[in-house]
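Keep the sequence and the 3D view open side by side as you read.

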Amino acid sequence: TSNQMWGGRFADGPDAIMEAINASIGFDQRLARQDIDGSRAHAQMLGDTGILSGSDAKAIREGLLTVLSEIEGGTFQFSTALEDIHMNVEARLRELIGEPAGRLHTGRSRNDQVALDFRMWVRDQCDAATQGITALMHALLAQAEAGADWVMPGFTHLQTAQPVTWGHHMMAYVEMLSRDRARFGDARRRMNLSPLGAAALAGTSFPIDRHATAKALGFDAPAANSLDAVADRDFALEFLAASSITAMHLSRFAEELVIWSSAQFRFVTLSDRFSTGSSIMPQKKNPDAAELIRAKIGRILGANVALLTVMKGLPLTYSKDMQEDKEQTFDAADALMLSLAAMTGMVSDMNANQDALRAAAASGFSTATDLADWLVRVLGLPFREAHHITGRLVALAEAENCDLPDLTLDQMRSVHDGITESVYDVLTVEASVASRTSYGGTAPSEVRKQIAAWKDRL
Ligand code: ARG
């Protein structure tokens with residue numbers, strides 16, 4: 001038998017395979033609440049403008065609430081033959097209230113309906129991402145506050161570079177995450193225009209009030225071009241782009257946690273609650289949560305690439321290709337929210353091993369730059385010459401199998417006879433970090449200023 005929603009011109013029903021490739025109800029049932037909120041606002045507007053009678057509008061609005069409670073209560077029977085969430089809801093409404101259900105779709109199409117539902121869903125996810133990121137920023141701030149002056153090695157090329165502070169390192173992620181948070185805020189602001197009432201693509205001849213439905217559904221205004229309103233998926237792409245960048249940041253931090261928690265580094269101890277064991281090696285405590293967070297960028301960026309690829313080359317306006325927008329976006333959003341929650345838990349629970357951090361900071365000639373700077377400041381040497389002399393001192397220490405502060409003054413003076421006792425003052429890791437007082441530098445005094453500023457802003 002032909003379809004009850006659009007089967008007027010069809011003599012035959014669809015092949016089972018056609019039904020299988022066409023149906024989206026398996027995943028778009030996640031849009032049930034948005035679909036019903038949108039339909040209720042549409043029905044209200046149809047009643048208010050006199051397009052529907054007040055009693056029909058009321059019957060529709062009440063019936064839709066019953067449908068929603070059935071869906072949320074898990075008693076709703078979803079049907080693949082009814083393709084998607086929009087038709088499943090409407091068909092059930094017809095069973096519940098009869099003829100008025102058929103009037104709901106006046107001045108509307110599934111094209112603006114799905115654009116609306118999905119946009120509202122993505123809008124909620126922007127808010128969820130903002131919350132998840134904020135929670136992680138709080139956890140990082142707490143770590144930074146506890147260890148504002150704990151010295152650790154700073155790396156470039158994963159080679160020892162200069163001593164930095166634990167607090168400074170934590171605050172670097174606070175900065176990255178604040179940009180991520182702002183990206184979700186920007187995307188949300190830009191997407192907050194309602195497509196409802198664009199109808200199939202051209203608008204409608206019914207005297208609808210798009211401003212009223214936009215307002216009722218929390219939008220700033222209706223989208224200004226009906227073709228764009230049904231053809232646009234930028235809102236999902238922007239969400240996925242912001243998610244990809246956030247996931248990249250989480251992946252970098254996760255990688256650091258994997259390295260730091262290894263027996264060779266021992267910079268941090270992850271809690272039992274966020275670690276797993278091995279079924280064969282009894283000593284193992286694995287950073288699985290960090291590894292999984294490191295990997296989630298694969299799905300999230302994958303979704304971003306997938307949707308861009310779906311959208312490229314589509315002529316205006318709606319094509320069924322666009323039904324492929326949802327599953328990937330759902331999956332990416334789930335992966336991002338879970339990653340944020342797991343990272344927040346891990347960061348809140350983890351313990352930095354101050355002694356291991358300090359010992360690592362003091363190895364690898366990490367204060368060589370401080371020595372070169374001392375030669376410039378105290379002896380007035382050009383930096384290039386100071387760099388060369390320091391290089392020779394590092395080579396000497398390496399040959400003596402010791403660190404820079406372990407060289408005797410005589411040994412130092414064998415390389416440059418102007419060197420005096422006061423050079424030792426700049427060779428400790430504590431002196432090194434304390435001296436980095438330029439704005440945004442790693443000195444504990446500077447880090448504490450940044451922490452205080454962020455505590456005010458969050
Ligand atoms: N299930 C469809 C989707 O997700 C709804 C829109 C269908 N519109 C249409 N003209 N077939 O995109």
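## Around the ligand

Which residues surround the ligand? They are Ser 24, Asp 28, Asp 84, His 86, Arg 110, Asn 111, Val 114, Tyr 318, Gln 323 and Lys 326, where a residue is near a molecule if one of its heavy atoms lies within 4 Å of it. Before going further, please note that this is a predicted model, in which local features need pLDDT of at least 70, side-chain atom pairs count only at pLDDT 80 or more, and totals for chains, interfaces and linings use all residues. Residues are numbered from 1 along each chain as its sequence is written, and side-chain values use heavy atoms, with hydrogens and water left out.

By class, this shell holds two nonpolar, four polar and four charged residues; Ala, Val, Leu, Ile, Met, Phe, Trp, Tyr, Cys and Pro count as nonpolar, Asp, Glu, Lys and Arg as charged, and the others, Gly among them, as polar. Helix H6 (residues 110–146) gives the most to the shell, with three residues.

## Polar atoms facing the ligand

A polar side-chain atom of Tyr 318 sits 2.4 Å from an oxygen atom of the ligand. Taken alone, the ligand exposes 340 Å², and the protein buries 87% of that (areas come from the Shrake-Rupley method with a 1.4 Å probe).

## The largest pocket

The largest pocket has about 490 Å³ of space. A pocket here is an open set of points on a 1 Å grid over the protein atoms alone, where a 1.4 Å probe fits, with protein on both sides within 12 Å along at least five of seven lines; lining residues have an atom within 4 Å of a point. The volume is the space filled by probe spheres set on the points.

Of its 23 lining residues, Gly 154, Phe 155, Thr 156, His 169 and Glu 256 are the closest to the centre. The lining divides into 12 nonpolar, seven polar and four charged residues.

## Backbone points to check

Leu 316 and Thr 317 are joined by a cis peptide bond, with omega about 0°. Thr 317 lies in the loop between helix H11 (288–311) and helix H12 (326–349).

Leu 158, in the loop between S1 and S2, has a positive phi near 55°.

How values were computed. A polar contact is a pair of N or O atoms within 3.5 Å; within protein, one must be able to donate a hydrogen and the other to accept it, and residues adjacent in sequence count only if both atoms are side-chain atoms. Helices (H or I, at least four residues) and strands (E, at least two) are DSSP runs, numbered from the N terminus.
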